[in-house]
Amino acid sequence: MLSLVIFLPVVAALGLYAFPRPGPRVVSGLWIGAAVVDLALVVAMWVRYGGGIGYETDLRWIPSVRAGYHVGVDGLSLPLLALTALLFLACAVYSGGRSRAFAALFLALQTVCLGLFAALDLLLFFVFFDLSIVGMYFVIAGWGHGDRLRAALKFFLYTFLGSLVLLLGFIGLYLGAEPHTFDMVELSRTPPQVAAPGLVLLAIGVGLAIKTPVVPFHTWLPPAHTNAPAAGSAILAGIMLKMGVYGLARIAMPMLPDAWRRYAWVIVVVGVLSVLYGALVALAQQDLKRLIAYTSVNHMGYAVLALGAAGLGTAHVEAHRLAVTGAVTQMVSHGLITGALFLLTGVLYDRARSYELDSFGGVAGNAPLFAGLLAVGAFASLGLPGLSGFIAEFQIFTGTIGSGGAGGVVAGALAVVGILITAALFLGALRRVLLGAPGELSGRVTDLTAREAVAIVPLLGLSLVVGIVPRFLLDVIEPAAALVVSLVAR
Amino acid sequence: MMMNENPADLLPELCVLGGAVLGLLCGMFLPRARQWIVGVLCAAALVAGLVFAGLAARRADMTVFESFVLDPVTHVTRGVVLAATLFVVVLAMRPLRGDRRETEFYVLVLLAALGAVVMGMTSDLLVLVAGYLVASIPAYALAGFAKDAAGTEAALKYYLMGAFFGIFMLAGIALLYGAGRATSYEALGAGPGGVVAVGVVGLLAGLFFKAGVVPAHFWVPDVAQGASRVVAAFVTTVPKVGAFAALYRVAVGFGGGFDLSLLLALVAAATMTLGNLAAFGQDNVRRLLGYSTISQAGYLLVPVAVAGRSGMAEPAVLYYLAAYAITNVGAFAVVVAAGRDEVDGYRGFARRSPLVAVALVICLLGLIGTPPTAVFVGKLLMFGAAVDGGYGWLAVVAAVNSVASVFYYLRWVVPMFARGDEWAGALDRRAAVLAVIAAVGSVVVGVGSGVVLAL
């Protein structure tokens, strides 16, 4: 069933080419249809999920290096799979009328992203990791705007470098295991005896940090986002940035527990830096899309900080669990909120061909629904209670501060400052775009169409649901988070 | 290991030789309009050779005539060389139809392929020289086949370089023979250290030339650009296969006093870096592919350098060779199909023929090493062998080079998808089909690498 979920979109993409010359309605219909079915299957999997590794498939792929097609879901991957299916559906609805190639590329990307979160084999993980880069390169280069080729090339070069460094780290893990294997389950069960664990962790950490991205490896992100089409940005920020943090929790922590604990403070520092730097740079932006892009650096920083804090000592297990749960919740929450925000900026660009904050003002008057949703998204992003961001960030701060020692307290306190800055910047942005005197381009901004509203409202609605009744999500995440913490504490 | 002197064990090679001789004889009597029959004959000989090679691969390892080893290295060399040659022969049939020297082309290609196989399967230095010459001399003629200025220049450069490094090779072998009193690889490294060192370096010079490895790489871009497109596909693929198989055998057999492994590692690093740096500025796609094959040769040399130090070295060399061959001929098939040499000549090509454009994208991404293509698995094994063999730094150099190579491969991809440009020109349909087959093959070999590696 899991393999069906993974490969259904790419089969649908091939199906698009079975028609001789499909009209936009056929393309859009097939795309949305495939995404709906895929989401329904993921929801069914969620309902029937019974803990542990579910829906496992383990086939031999390259036996001579002991790499297999090994997929399965657990509490870490299930929420992200659901997020992926939902966000891709939102993009399918939002992008009605796009060409066949665009739809096929997104469907293929959906397969890649689902496959990555389901992979239980390092090589399989890497295959999907690399393909996500190639797919997003073509999205930006083919359908972006502005200086799209340059931004796409920078994105490709930067993240491809990260992926190769990651591959070297994986080879380090492979050679450290006895017998050599790429199987994640086996590697997590008995951590490989790597000759230079610090170096391997560095390789894996840098590879994933580029993808996440954390300061100082984030410089590819703003141009990629600014020049990507709205749906591309939503996927890039909503799904693909998660691959980095997910990889840390799935691969680095369980497989290199000693090294993780030894260098946890480095990860905490990097996390805090990302939180503060991302927030401060976002504060200075004049371009709404760049602003949201930098808040992604800030938000992913919280998740990295939490994972680092989970490696500080072994005494405060409860706090560590809380931190890891918070990190996973943050990934889901950020995916929902940032996906919605990027689609909303896409609406702005669609109408006015600009993201400049100063060109707008008083938009709330002519586009009330747009204004309302942008406000909800901004408040969710800055962590207002009642929305999903609060649940995630509250757990992260509590977990970090409680993780033991003065270091955790200082890191947590510094990270709280990040919330303050994001609150300031979002309120400022809302004021400049939505309120005040109309700007030169405000007149062009008409309200959301029904299609756009159908794409965006459910994302924010779900953020609200998670914010008010988070148990259904936390019940899935918590056992997996506890497992990760126990693996790190070995 | 079993020894015998049964000529039937060399059936694949005899098929190729027979095809060449028979083709030459037939060509003398056939009218020009019907010389294509020779092409079909040669293709049939290659298919027969492939079948026999496949059958031979099922038997136990042995040595025949005391100088030809039948082991996995030989089986892969045979398979890859014969298959790549078959690809080139089919690719050439259309552009060469009715050419004055159509027959000669097929015969020369077959003979050069025979030389490459001999180089790869021998375990004797003298047979290696014979293979070197058989592989080289037809290739010189092929480079200048069109008799135009660019081709003549390419042929002359190719010949002069080949003769120059061939002399080194002969001198080196003479020294090794004198020092070790035998020409078998098993005796390689016996004798006084200094003489052996000089001898091995001379021997390597010749192999480096065939493999297109720094510092014997200068001919590669010139021949890739100057010779005809089909010949370029051939000489950047087939001789390299034989050369790397021979290099691997030498590296395994060498038992001398100095660190051959380190030397090869340094050469590998220099080769991949120089090839990449030189490829950056190229606007001619054939020259670009020429430099790209140099950088690929650098990656290929990495597992050769750790031969004997890591169990992954042999599968890495053999798998990478097969992956490289299929991907490289695929990229050249697109050049043949489009008939354009300039990067700008590909503007809007994706609109004219989306399938061929996608095939080229797959081949170029394959050369970068993107999964799930074949070269990705080759690179994975290469990285693994390097780290396992204690050359972590070399793996890092190779990784950085792979990233750098993205830049110039994408320079070719981007114009194809440029909007608003019409690509006007004739498409060679046969070459287009072959390009798609190669691209599909590269993905199939990559995804099915488990099956391939098990063979």
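A polar contact is a pair of N or O atoms within 3.5 Å; within protein, one must be able to donate a hydrogen and the other to accept it, and residues adjacent in sequence count only if both atoms are side-chain atoms. Between chain B and chain A, one residue pair is in polar contact (both at pLDDT 80 or more). The model is predicted: local features need pLDDT of at least 70, side-chain atom pairs count only at pLDDT 80 or more, and totals for chains, interfaces and linings use all residues. Residues are numbered from 1 along each chain as its sequence is written, and side-chain values use heavy atoms, without hydrogens and water.

| Item | Value |
|---|---|
| Residues in contact (heavy atoms within 4.5 Å), chain B | 33 residues |
| Residues in contact, chain A | 28 residues |
| Area buried between chain B and chain A (accessible area, 1.4 Å probe, lost on being put together, summed over both) | about 2500 Å² |

Carbon and sulfur atoms give 84% of that buried area. B:Leu380, B:Val403 and B:Arg419 supply 20% of the area that chain B buries against chain A, more than any other three residues.

Within chain B, the axes of helix 3 (residues 72–96) and helix 18 (residues 429–447) come within 9 Å and cross at roughly 160 degrees. Helices are DSSP runs (H or I, at least four residues); axes are lines fitted to C-alpha atoms over the stretch in contact, with angles from 0 to 180 degrees between N-to-C directions. Helix 3 of chain B and helix 18 of chain B are therefore roughly antiparallel (angles over 145 degrees).

Methods:
Chains lettered and ligands numbered in written order. Helix = DSSP H or I, 4+ residues; strand = E, 2+ residues; numbered from the N terminus. Parallel < 35°, antiparallel > 145°, perpendicular 65-115°, else oblique. Buried area = accessible area lost by both parts, 1.4 Å probe.
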